[in-house]
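Please read them with the coordinates open.

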Amino acid sequence: MLGAGRIRCLVLIALPLVVCRPVSSAMEQGEIDRRMKIEFDGRDWEVGFTASQQGAHLVEWVLAGENVHCWSELVSWQYFEGWHGHESPKELMRQLRHRRMVRTPSVEWQILSEGFDSVLYTWEIDRDPLIGSYYELTRIIKTHDGLHILHYAARNRRTFSAHLDSWVESFGTFEISR
């Protein structure tokens, strides 16, 4: 997930795309709602941040009362329009895992499901001296029009474990329309 800096960045380490400038135009909420359907878990989630620039889009949701700089749980969607790299979603995941393991050797990684155009996995870092504890479910989906990455993250293992099954189901039924 993205850090607490004043300038938000759209970064996917495995891709040659880094946008680190203040974003002047964000994807409109109506466009987000029209393009994608994520089943949330019944709690009160609200959009905490959106950004769009040069075909890269990011939306982050936080629980009501939290913000993207101070959150206990966070859901995000990254979309890279027109991305047609040769790597499979699993290969992109391997690249991300390698980079994360270089920085944090204690990271634990588990693939939950995979297919030709999608991979669903978890990764976690427990009590790292630099970043603390972090638990994430990620689904990478390659479509005809680009690459979509869904994230559910929590700062607490108990919270992550309590909600993991519902997010696995939600990410498994995620739909994208043109």
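This is a predicted model: local features need pLDDT of at least 70, side-chain atom pairs count only at pLDDT 80 or more; totals for chains, interfaces and linings use all residues.

1. Gln 54 sits in the loop that joins strand 4 (45-53) to strand 5 (56-63). Its relative accessible area is 60%, so Gln 54 is exposed. Arg 127, by contrast, belongs to strand 8 (residues 118-128). Arg 127 is exposed because its relative accessibility of 68% lies over 50%.

2. There are ten aromatic pairs in the structure. One of them is Trp 77 with Tyr 79, a stacked pair with 5.8 Å centre to centre and 5° between the planes. Trp 77 and Tyr 79 are both buried.

3. Tyr 152 and Trp 167 are also stacked, with 5.2 Å between centres and 15° between planes. Tyr 152 comes from strand 10 (residues 146-154) and Trp 167 from helix 3 (residues 157-172), so this pair ties together parts 15 residues apart in sequence. Both Tyr 152 and Trp 167 are buried.

4. Tyr 152 and Trp 167 also belong to a cluster linked by ring pairs, together with Trp 45, Tyr 135, Phe 160 and Phe 171.

5. Arg 155 lies over the face of Trp 71, 4.2 Å from the ring centre.

6. Arg 94, in helix 2 (residues 89-103), is partly exposed at 38% relative accessibility. Between Arg 94 and Trp 109 the C-alpha to C-alpha distance is 10.0 Å, with a sequence separation of 15 residues.

Notes: Residues are numbered from 1 along each chain as its sequence is written. Side-chain values use heavy atoms; hydrogens and water are left out. Helices (H or I, at least four residues) and strands (E, at least two) are DSSP runs, numbered from the N terminus. Buried means under 20% relative accessible area, exposed over 50%, partly exposed in between (1.4 Å probe, protein chains only). Rings of Phe, Tyr and Trp (its six-membered ring) pair if their centres lie within 6.5 Å; planes under 30 degrees apart count as stacked, over 60 as edge-to-face and the rest as tilted. A charge sits over a ring if NZ of Lys or CZ of Arg is within 6 Å of the ring centre and within 35 degrees of the ring normal.
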